[in-house]
Protein chains: 4
Amino acid sequence: MPPIRVTVWGENRHERTEDHVRALYPDGMHETIAAGLREHLDGEIRTATLDEPEHGLTEEVLAGTDVLTWWGHQAHDEVSDEVAGRVRRHVLAGMGLVVLHSGHFSKVFTGLMGTTCTLRWRNEHDRELIWTVDPTHPIAQGVPHPLVIAEDEMYGELFDIPAPDELIFISSFSGGEVFRSGCTWRRGHGRIFYFRPGDQDYPIYHHPDVRRVIANGVRWARSDRPGRALPEIRRHATGDFG
Amino acid sequence: MPPIRVTVWGENRHERTEDHVRALYPDGMHETIAAGLREHLDGEIRTATLDEPEHGLTEEVLAGTDVLTWWGHQAHDEVSDEVAGRVRRHVLAGMGLVVLHSGHFSKVFTGLMGTTCTLRWRNEHDRELIWTVDPTHPIAQGVPHPLVIAEDEMYGELFDIPAPDELIFISSFSGGEVFRSGCTWRRGHGRIFYFRPGDQDYPIYHHPDVRRVIANGVRWARSDRPGRALPEIRRHATGDFG
Amino acid sequence: MPPIRVTVWGENRHERTEDHVRALYPDGMHETIAAGLREHLDGEIRTATLDEPEHGLTEEVLAGTDVLTWWGHQAHDEVSDEVAGRVRRHVLAGMGLVVLHSGHFSKVFTGLMGTTCTLRWRNEHDRELIWTVDPTHPIAQGVPHPLVIAEDEMYGELFDIPAPDELIFISSFSGGEVFRSGCTWRRGHGRIFYFRPGDQDYPIYHHPDVRRVIANGVRWARSDRPGRALPEIRRHATGDFG
Amino acid sequence: MPPIRVTVWGENRHERTEDHVRALYPDGMHETIAAGLREHLDGEIRTATLDEPEHGLTEEVLAGTDVLTWWGHQAHDEVSDEVAGRVRRHVLAGMGLVVLHSGHFSKVFTGLMGTTCTLRWRNEHDRELIWTVDPTHPIAQGVPHPLVIAEDEMYGELFDIPAPDELIFISSFSGGEVFRSGCTWRRGHGRIFYFRPGDQDYPIYHHPDVRRVIANGVRWARSDRPGRALPEIRRHATGDFG
């Protein structure tokens, strides 16, 4: 297979308006996530952000992207319906998608899931432990059991998602809540991985194990189909085979 | 539990514009489907159709509906986005949904699935055999193996849906195609059942076994939660339990 | 449907040999579990124990049992292969099965799962919180979110089971571990529910919410098929239908 | 990764006792299956058969096998319990397993599934069409839709298996039956793929598309975990992480 082409999408607002976030991510969270991917993947790792024209996600960019990662939080509504629909179309046609943390409320993710994607939350420095419940999954390879994050925002159930096709990770938090933290779904010709950690207030995307999981997820989400096309309705003639 | 309240929704266009459909369903397909349900269920079985104000699906009607069945075909686009969104919201809040045949392309169903819901088709009087692959499921009770439909429109894979939570029935057709004909999904607080048979050109909804499956599906899709509410995001205080 | 017939099976050893267990369960854990079921179910709730002839599980007893609940711990090996095989055969033929806590290592459960069913554990009075992740499931109805158990043995992942057909509950413990605490599987014509809480050292089966879950599980596990029979191989003649 | 090591296990009885089978598979079905794998995989493709000592499946052979394929039919009972148990143990510890056709009734497969694995059958030269229902799955890559087999034994539902983790292929037959023909399950640390085609009376394992699917399945079933070990019970100390 040719080298993988990844586009790391970031909202890139907190980093420019809040000093403590800028201190953690001076070049933006997207650049930190991209740097983490470059540690694990040979390929082309680009970035795109909300305030670029078409949010940096033109038809051409998406057509040249094997896997897109998505981080957004405060500005989900500013993503245009057109671009969100374009991204969803590419996923259904075979582009891989890795949704991170607060991306759960993005138009891209909720549109693909069909549910509210609500959850419980608390931003009070909970310790997070991420346990593997599917040790055979490629995304779990090389990941400690548990993966420990000293401090992060808490997300708790009920996470209003379709039952995942594969449940890989479950988190617990200091407060006792649990969360389905690593989930996959297949939609159309595309593969989707959701991974929970990552609030902007913490240095999560510098964490080596978090970086490994995201890289594993990107590798897994890449389609091995030859082209990119939506499933299409068609009239099927009798005997139209063999 | 109090008697079930079902709303049978029908597009009701073919029946008024095509003689051969009117001959099969003189009062409209929705009335035939409703009559079938009345054979099996004690409860209130009402109907609603596209050309009523708000397509007969006001907030009040939906609030008083335990399970909605949906048949549409040629006029999916005429269902207003507002009403389609309202129906989806009620499903996510706990209303049961049974989608029939060409309802696979409705705004209600595709919005809940997040996929294209495309398929292959041919309207040439194929014989359909419907085989049970989950004999423990309540929807399969009392259903012959196979359920035989002498003539129906063919639907073939790939049916572009999320992998069902439960796959109950698989159909084969004279031409050799197969189809996942009976599928369930849970979304939010609601339960969804898709059942394939039912083209307007055939007397499918007079078939006693088809009627039984739809009634089983309606019974299964009814929520046993006490109220109706969407899952909601909320800030969760530490120690907020017990 | 006629009133449900439940057999509550208990190993009944700890209760007779350890004073602190006898203090919690003077008539045996099986009698306490049975008493909990009688609060919720109209039907015939009987018990059977290891030291009865054929462990109290003759062909006749099983044939007259709609749902069997299973608690064992220290004497799994003393259950004869013959009786364990008989129980599994009845499950595959349609008898419901509810496996409690340390029953995860019983011959009945491991034989039906095909895996080791290992896990991590610690008996140090962890607080357990049981969170619902499938709010539409009948077994979750009326159950608090979270269900709080002040003190219990800890079970942690990896729980080496087949991915459940339905994942209903996830537990967290004081120590930070998580566990898939409420799981269902369909096997043959039977339905199986595993529910985690219940070490003999704690008064778990007096807990009203635990009793409710077990009763919900028993109700759900009951087959609605008319008879009891194993799926059978057979030669299928061409045209053998309709 | 180092080159894959595959062991192709064959019962090798029909080929030696029935002329028409020997005509199709002069070196035994296992050699034909191995030859097909060699077309697609760089690695070490060995064979083993029933009548070798320990059926050719010593501890050493299995320890050196990444993926085992299994074809058996008339002599399932002659596979010793010890060897069958050894194979299952290796699967749960991480060896991949690809079960072919009548291998559904092997001790290895039924023991891992926990069900009867019964089905319907007819050996009357039905045409089989194999349709892909999960186009994103690696096992489906490069496989025609449908894959056409001119003549094969028929297998029909109900196939008494646990609901597959992934359903990839569904077959239909001339007689109208359907079958879940390509299924995966994860068990312990191992991955299992069942693929239906392959009666000894037909030249199935010479079919290029069948060979491709089996090779895809072998590639998929290989573990990417570093070692081979069963999941193990262990006492877990509080704070035993990070």
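In the predicted model, 36 residues of chain D are in contact with 36 residues of chain C. The two chains bury about 2900 Å² between them, and carbon and sulfur atoms account for 52% of this area. On the side of chain D, the residues that lose the most area to chain C are D:Ile233, D:Arg235 and D:His236, which together contribute 19% of what that side buries.

Between chain D and chain C, 18 residue pairs are in polar contact, counting pairs with both residues at pLDDT 80 or more. The elements of chain D that give two or more residues to the side touching chain C are helix H6 (107-113) and the strands S5 (120-132), S8 (178-187) and S10 (234-235). Of these, S5(D) gives the most, with 4 residues. Classified by residue type, this side of chain D comprises 15 nonpolar, 10 polar and 11 charged residues.

Across the interface of chain D and chain C, 2 salt bridges are found. One salt bridge links C:Glu124 with D:Arg235, with the closest N and O atoms 2.4 Å apart. D:Arg235 is also among the three residues of chain D that lose the most area to chain C.

Strand pairing also connects the two chains. Strand S10 of chain C (residues 234-235) is joined to S5(D) by 2 bridges, and the two strands run parallel. Within this arrangement, C:Arg234 stands opposite D:Arg120 in S5(D).

Note on methods
Residues are numbered from 1 along each chain as its sequence is written. Chains are lettered from A and ligands numbered from 1 in the order in which they are written. This is a predicted model: local features need pLDDT of at least 70, side-chain atom pairs count only at pLDDT 80 or more; totals for chains, interfaces and linings use all residues. Side-chain values use heavy atoms; hydrogens and water are left out. Contact means heavy atoms within 4.5 Å. Buried area is the accessible area (1.4 Å probe) that two parts lose on being put together, summed over both. A salt bridge is a side-chain nitrogen of Lys or Arg within 4 Å of a carboxyl oxygen of Asp or Glu. A polar contact is a pair of N or O atoms within 3.5 Å; within protein, one must be able to donate a hydrogen and the other to accept it, and residues adjacent in sequence count only if both atoms are side-chain atoms. Ala, Val, Leu, Ile, Met, Phe, Trp, Tyr, Cys and Pro count as nonpolar, Asp, Glu, Lys and Arg as charged, and the others, Gly among them, as polar. Two strands pair if DSSP finds at least two bridges between them.
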